[in-house]
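Keep the sequence and the 3D view open while reading.

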Amino acid sequence: MLIRLLCTAVLALSVFPLFMNNATGHEFTDSDMEHYRERIKTMFYHAYNNYLDNAFPYDELRPLTCDGQDTWGSFSLTLIDALDTLLILGNHSEFQRVASLLQDTVDFDIDVNASVFETNIRVVGGLLSAHLLSKRAGMEVESGWPCAGPLLRMAEEAARKLLPAFQTQTGMPYGTVNLLKGVGNHIDVLTKKWVAQDAGIGAGVDSYFEYLVKGAIMLQDEELLTMFHEYDKAIQNYTRFDDWYLWVQMHKGTVSMPVFQSLEAFWPGLQSMVGDLDSAVRTFMNYYSVWRQFGGLPEFYNIPQGYTVDKREGYPLRPELIESAMYLFKATGDHTFLQLGRDVVESLETISRVDCGYASVKDMRDHKLDNRMESFFLAETIKYLYLLFDPSNFLLQPQAWEEGAGPSEDCVLGAGGYIFNTEAHPLDPAALHCCSRRPQERQELQDILLHLSEPPAPTQDSQSEDTPMPGQSESIALKPGARRTAPVLSCPMQPFSARLSVLGQVFSDNT
């Protein structure tokens with residue numbers, strides 16, 4: 001059933017008649033496409049080489065002072081994040097050099113508090129992607145690849161360092177975890193109370209919606225797709241106004257913040273994946289109009305006022321609008337989306353390029369710069385920009401496939417259908433099925449989650465096991481043989497308008 005639904009969506013992408021304003025703009029020739037690919041490569045190496053020369057082994061480059069800083073955990077984050085981009089740009093020799101360098105230099109046994117989410121998407125995702133692409137890059141792979149290899153072992157080590165963050169009464173993880181000691185902090189996951197009550201599609205919940213769709217495809221899990229469609233009904237009913245998506249009060253559904261967040265620009269791309277092209281294009285054009293107004297997307301944009309929001313005027317070189325343009329161009333072939341790519345190239349070169357890389361924009365009103373170049377600039381922004389002008393790239397167009405060795409039989413990889421994680425690291429779903437030991441592996445994972453989310457043993461003064469502690473809930477993992485019985489969005493203590501945020505995160509001004 002799920003495969004049929006996905007095939008229907010793909011078919012819709014290929015035949016959907018597209019009509020939009022200003023669609024008859026500049027047509028890009030093959031020469032134009034090659035021109036921009038080369039310019040984007042030059043941009044990548046300007047940033048990448050300056051990171052190596054001035055910042056490595058720190059996490060990030062500081063482009064205004066030409067030095068480096070640790071930000072998310074002190075493991076050469078930019079190098080890990082940029083590794084698969086090297087291959088996508090065709091640089092096999094540098095990919096091989098860096099893959100070997102990381103194995104020799106990166107150590108996860110360090111006394112730092114690391115973000116669980118960021119470490120997962122940037123480090124674990126980056127290493128997994130590089131591992132799966134290593135054979136294509138010409139590296140000698142181990143017997144048993146793609147189910148074995150040094151980069152895969154590094155990814156597993158990093159992932160295991162994050163597991164203590166899930167040792168909470170609710171099973172919801174702490175926001176950060178100490179990689180050496182396993183001590184978490186950042187948010188209170190014990191009471192399950194909403195600190196803020198604004199619901200939308202942006203900061204904090206964006207990746208959740210993204211992974212419902214991508215998880216459904218990668219895991220062949222129809223329930224995840226059903227969950228997305230249920231959420232999407234509420235999103236369309238309560239947050240959509242004139243093809244903008246606002247923030248609403250989670251209990252009443254009334255508008256609380258009439259703003260567009262730059263992180264929300266991923267949404268049109270996600271809509272294209274489920275075949276909702278008409279809505280995706282209209283929303284994309286709204287977001288594109290903001291880019292044309294400022295030469296970038298301010299973090300917050302007040303829609304009624306048509307201007308930036310105080311203290312949210314910056315643009316840290318985010319990729320989301322470019323990501324959506326890539327998906328929509330692939331789906332429609334309309335060159336309007338290439339025009340966005342051209343505008344991005346010109347904006348970055350004019351506004352953000354400095355001697356030592358590309359600097360984030362502190363204020364889009366006067367284009368004042370900030371001394372930071374986040375790792376996602378090379379992992380996502382440059383990657384999506386390049387792929388926008390390279391629709392025949394192996395990630396977007398199936399080419400020569402590769403053979404791998406699974407635990408029970410040989411398998412085929414690289415046949416197409418790559419899924420980008422939320423840091424733009426491409427993963428081949430075939431590898432997941434190739435390396436899965438199926439029932440045994442799933443049982444092992446379930447046992448781990450059950451163990452991690454078990455409440456602590458009661459003390460003499462504690463309540464009996466039959467009486468739950470205040471704010472305590474059962475494990476998020478199902479017990480062996482158990483199945484879900486309640487609907488995903490079931491929430492008997494709240495009205496339907498609140499259900500959008502039951503499983504998502506909310507936003508407040510002091511976040």
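D109 forms a salt bridge with K161, with 2.3 Å between the closest N and O atoms. A salt bridge here is a side-chain nitrogen of Lys or Arg within 4 Å of a carboxyl oxygen of Asp or Glu. D109 lies in the loop between α4 and β3 (113-115) and K161 in helix α6 (residues 150-162), so the pair ties together parts that are 52 residues apart in sequence.

This is a predicted model: local features need pLDDT of at least 70, side-chain atom pairs count only at pLDDT 80 or more, and totals for chains, interfaces and linings use all residues. Residues are numbered from 1 along each chain as its sequence is written, and side-chain values use heavy atoms, with hydrogens and water left out.

**Salt bridges**

- The count comes to 23 salt bridges by this rule.
- Side chains of opposite charge can pair when their charged atoms come close.
- K161 is buried at 17% relative accessibility, whereas D109 is partly exposed at 40%.
- Buried means under 20% relative accessible area, exposed over 50%, and partly exposed in between (1.4 Å probe, protein chains only).
- E94 and R97 also meet in a salt bridge, at 2.8 Å from N to O.
- Both E94 and R97 sit in helix α4, three residues apart, about one turn of the helix.
- E94 is buried, with a relative accessible area of 15%, while R97 is partly exposed at 40%.
- D363 pairs with R365 in a salt bridge, the closest N and O atoms being 2.7 Å apart.
- D363 is buried at 12% relative accessible area, and R365 is partly exposed at 45%.
- Salt bridges that share partners join E60, E118, R122, R372, E374 and E423 into one network.

**Helix α3**

- Helices (H or I, at least four residues) and strands (E, at least two) are DSSP runs, numbered from the N terminus.
- Helix α3 spans residues 77-88 and is mostly covered, with 12 of its 12 residues buried.
- Among the buried residues of α3 are L77, D81, D84 and I88.
- Which elements cover the buried residues of α3? They include the helices α2 (30-54), α4 (92-105), α5 (116-133) and α13 (376-388), along with β1 (60-62) and β21 (426-427).
- Contact, the basis for this cover, means heavy atoms within 4.5 Å.
- Just after α3, G90 takes a positive phi of about 95 degrees.
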